[in-house]
Amino acid sequence: MKKTIPNILSLSRLLFAPIFFVLFLLENKILQQTSIVIFLVASLTDYYDGYFARKYGIVSSTGKFLDPLADKFLTTAAFLVFYMINLIPLWMVIIIIFRDILTTLLRIYQKAEFNTSYIAKVKTTLQMLIISIVLLAIFISNLMNDEKLKFVINDFLYSKITYTLFLILTIVTVYTFFEYLYKILTTAKNNYNR
């Protein structure tokens, strides 16, 4: 693997994911706050690895595989954390993780070098955005001494709004899987007919 800036940034997300997960779940507010900062920094690397790859023309097959894989690790860590604090139901987490595992296995099996589709990029951006909003709300809540403000934030975190946002993410995630599967089947069919 070439040690390019985009690949190093993608690898950093792979490393940040378990660190975020462990620190968040330790019963220590400072460590939890640290874990949230780690996630936010890691999510920024998703933007910058793509930016540097395009700017310097260092798009590679390794990067095309590593970038979405790193995203999956990071978002999966967040969704598991949210499940463990009862923010998201288990069935949504299972669907999201199952989709991510299947698409990764299909990429490996087919040795596919498909560019990430527009809707898949939207899905990842939405995931990072919604996760970041939820984590920021938790971060602010941890800083608050005012119980009324804490209640308002908690009310938002465990509201129908948050549930609906996670539901939309789940639906988009399922859609992107079928879009990806269709792309693979179409490519395989075209190759067979040649």
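User: Which side chain does the side chain of Asn142 make a polar contact with?
Analyst: The side chain of Gln33, at 2.9 Å. A polar contact is a pair of N or O atoms within 3.5 Å; within protein, one must be able to donate a hydrogen and the other to accept it, and residues adjacent in sequence count only if both atoms are side-chain atoms.

User: What kind of model is this, and what are the ground rules?
Analyst: The model is predicted: local features need pLDDT of at least 70, side-chain atom pairs need pLDDT 80 or more, and totals for chains, interfaces and linings use all residues. Residues are numbered from 1 along each chain as its sequence is written, and side-chain values use heavy atoms, with hydrogens and water left out.

User: Back to Asn142. Buried or exposed?
Analyst: Asn142 counts as buried because its relative accessibility is 18%. Buried means under 20% relative accessible area, exposed over 50%, and partly exposed in between (1.4 Å probe, protein chains only). Asn142 lies in helix 5, residues 118-143.

User: What is Asn142 in contact with, leaving aside neighbours within four places in sequence?
Analyst: Lys29, Gln32 and Gln33. Contact means heavy atoms within 4.5 Å.

User: And Ser141, where is that?
Analyst: In helix 5 too. Ser141 counts as buried, because its relative accessibility is 10%. Setting aside neighbours within four places in sequence, Ser141 is in contact with Lys150, Ile153 and Asn154.

User: How much of the chain is buried?
Analyst: Buried residues make up 42% of the 194 residues. The accessible surface is about 11500 Å², and 69% of that belongs to carbon and sulfur atoms. Those areas come from the Shrake-Rupley method with a 1.4 Å probe; for residues, only the protein chains shown count as cover.

User: What share of contacts join residues at least 24 apart?
Analyst: 79%, among contacts between residues at least 6 apart in sequence.

User: New topic. How much space lies in the second largest pocket?
Analyst: About 190 Å³. A pocket is found on a 1 Å grid over the protein atoms alone, as an open set of points where a 1.4 Å probe fits, with protein on both sides within 12 Å along at least five of seven lines; lining residues have an atom within 4 Å of a point.

User: Which residues lie nearest its centre?
Analyst: Lys72, Phe73, Thr76, Ala77 and Ile97, out of 13 lining residues. Helix 3 gives the largest share of the lining, six residues. Helix 1 (5-25), helix 3 and helix 4 each supply at least two.

User: What about Ile171, buried or exposed?
Analyst: Exposed, with a relative accessible area of 53%. Ile171 is in helix 7, residues 160-193.

User: How far apart are the C-alpha atoms of Ile101 and Leu69?
Analyst: 9.4 Å, at 32 residues apart along the chain. Ile101 is in helix 4 and is partly exposed, at 45% relative accessible area.

Terms used
Helix = DSSP H or I, 4+ residues; strand = E, 2+ residues; numbered from the N terminus. Points joined across faces, edges and corners; volume = space filled by probe spheres on them.
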